[in-house]
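Okay, quick one from me today. Have a look at the screen, and I'll walk you through what the calculations give.

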Amino acid sequence: TPRNLGCCQRPRLGSHTIATPREHELSNARRAPNTQPFVCSKMVLIAASPATLVLGVGRGAVVISGATGAVRALDAGAADERCVAVACSADGATVVTAADSKIIRCWVDGVVVGEATVVRRPSGLAVAALENQASALAALVCCAGELWAHPLPALDRPGAKLLAHTSSVLTCVAMGAGVVATADRNEKVRLSRFPQCAEVEAFCLGHSKFVAGVAFAGATLASAGGDGEVRLWNTDGECLAVRRPTPSDDMVDIDLGEPSASGYECTAVAACETAVAVGLRDDAHVHVFSVVAREGGASLGVAPVSLDLPAPPADLCFRGETLCALVPG
């Protein structure tokens, strides 16, 4: 029976599950074939590369090899710390964790190689590659209303403030196609060209409540918010599609710009080039929309595929075209 993490291939390809016990340590408990145990605290996030799945767990993280299924624990925090965000590089070799103590750590091949204290408790985390610098990476950290960049892996140089959202709190950050997307509680998403983020590339305006998550789907951006809407944007800030999933699996399509009447909140969103997945508060499903090509851009399929879960998802991500959903145990 699934407990905490389900890794589901796209619906037509079948599924498999990774289960998690409640104890705060790796366990040798009996398990069914194709399952692996590890522990999730209540504040967890997941990140993935094609080769790696990373989960925020307790004081650090757990890294699962996509090739072998081997599980490696990353734990260097104090006893009272709790991991609040994780991110990884495109090849999965570099992992960054953020704790509620305002400490971020960088791990390379399972070894902590850098540690730094950020200005405020992080609310989002991403890893970005620096242009024209081979293998150079930076951790992008949301701290209150600001986005900071910290050079990796040593974290031994001061961070640089890239941008700020006026009078708002950042909820999340995503990086894709040379563009960084930051979202806030004031219903907006800002697109900036990385690393020259001082100038706004575009604003994505349309949500009527806080933006809960953003994720790049190829050259487009998906966002989901407290208004219960899933939106697809291009990097010029043009809204390409709006969809509203409901726990009953019904789909209500709306005209662009119409305020949402949905009483449901989106709590998590993930995207790849062919699909966008969203989780709703108090709904034990993941709703998966296809990304369909159209003249002048892309859109979202009208009817989602809904995948059953044992509980509402706390977070979602894609590893390639494999959808991973984290649910409370």
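So, the accessible surface of the chain comes to about 14,400 Å², and 48% of that belongs to carbon and sulfur atoms. Areas here are Shrake-Rupley with a 1.4 Å probe, and for residues only the protein chains shown count as cover.

Before I go on: this is a predicted model, where local features need pLDDT of at least 70 and side-chain atom pairs count only at pLDDT 80 or more, while totals for chains, interfaces and linings use all residues. Residues are numbered from 1 along each chain as its sequence is written, and side-chain values use heavy atoms, with hydrogens and water left out.

Of the 329 residues in the chain, 53% are buried, meaning under 20% relative accessible area, with exposed over 50% and partly exposed in between.

What about secondary structure: how many helices and strands are there? Zero helices and 30 strands. Those are DSSP runs numbered from the N terminus, H or I of at least four residues for helices, E of at least two for strands.

Now one pair. Strand 5 (residues 60-65) and strand 6 (residues 71-74) run antiparallel, paired over four bridges; pairing takes at least two DSSP bridges. I64 has V71 in strand 6 as its bridge partner.

Last stop, F203, which sits in strand 18 (residues 200-205). F203 is partly exposed, at 38% relative accessible area.

How values were computed:
Buried means under 20% relative accessible area, exposed over 50%, partly exposed in between (1.4 Å probe, protein chains only).
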